[in-house]
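This report describes selected features of a protein structure. Please consult the sequence and the model shown below while reading.

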Amino acid sequence: MDYEQIRAFRNDKNIFSKRLGIYVEELRPGYARAVKTVAEEDLNPVQVPHGGVYFSLADTACGSAVGAYGTLAVTINCSLSFLKSAKVGDRLTAEARELQGGRRVCVLEVRVTGEAGELCAAGTFTFRRLDKKIEL
């Protein structure tokens, strides 16, 4: 399987993540790393990144880790704790690792860190694998 092609597919076909500036840097079965630089338009009224920024980055990383097996999957449940705020210009990194891989359902853990390695968010995501191969 060509993981570079799957990574390119994930970056090209995820229109929502592209709009947010989220980019999958690395993936292999059960693991992915995605990044995003916090922009002014990511801020909420409190002037910190909206929780959806962290969530979208985490979800993209987890979905990519599952997608690296070559099939499509959808998020069916998640829990994400917001631990520290980033600021405009900070580069956030989400690393997802599969905890349990089943034929239909799999569970991943994710950690979102800031530039200095500080933990900004952490959680678990559950995905349902679909019976559809990624068409490259």
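Is E25 buried, partly exposed or exposed? The model is predicted, and in it E25 has a relative accessible area of 26%. Because buried requires under 20% and exposed over 50%, E25 counts as partly exposed.

**Surroundings of E25**

E25 belongs to strand 1. Beyond its neighbours within four places in sequence, E25 contacts R7, R33, A34, V35 and R91. With R91 the contact is polar and joins the two side chains. F82 lies 57 residues away from E25 in sequence. The distances computed for E25 are listed here.

| Pair | Atoms or groups | Distance |
|---|---|---|
| E25 and R91 | side chain to side chain, polar contact | 2.3 Å |
| E25 and F82 | C-alpha to C-alpha | 23 Å |

**Helix 1**

R7, a contact of E25, is among the buried residues of helix 1 (residues 3-13), together with I6, F9, R10 and N11. The packing partners of these buried residues are helix 2 (15-20), strand 1 (23-28), helix 3 (51-67) and strand 3 (71-82). Where helix 1 starts, a side-chain oxygen of D2 comes to within 3.0 Å of the backbone nitrogen of E4.

**Nonpolar core**

The largest nonpolar core comprises 31 residues, and Y54, L92, L108, V110 and V112 have the most contacts inside it. Elements contributing two or more residues to this core include helix 1, strand 1 and strand 4 (91-101). Helix 3 contributes the most, eight residues. Not counting residues up to four places away in sequence, Y54 touches L92 and V112, and also F82, among others.

Notes
Residues are numbered from 1 along each chain as its sequence is written. This is a predicted model: local features need pLDDT of at least 70, side-chain atom pairs count only at pLDDT 80 or more; totals for chains, interfaces and linings use all residues. Side-chain values use heavy atoms; hydrogens and water are left out. Buried means under 20% relative accessible area, exposed over 50%, partly exposed in between (1.4 Å probe, protein chains only). Helices (H or I, at least four residues) and strands (E, at least two) are DSSP runs, numbered from the N terminus. Contact means heavy atoms within 4.5 Å. A polar contact is a pair of N or O atoms within 3.5 Å; within protein, one must be able to donate a hydrogen and the other to accept it, and residues adjacent in sequence count only if both atoms are side-chain atoms. A nonpolar core is a set of buried Ala, Val, Leu, Ile, Met, Phe, Trp, Tyr and Cys residues joined through side-chain atoms within 4.5 Å.
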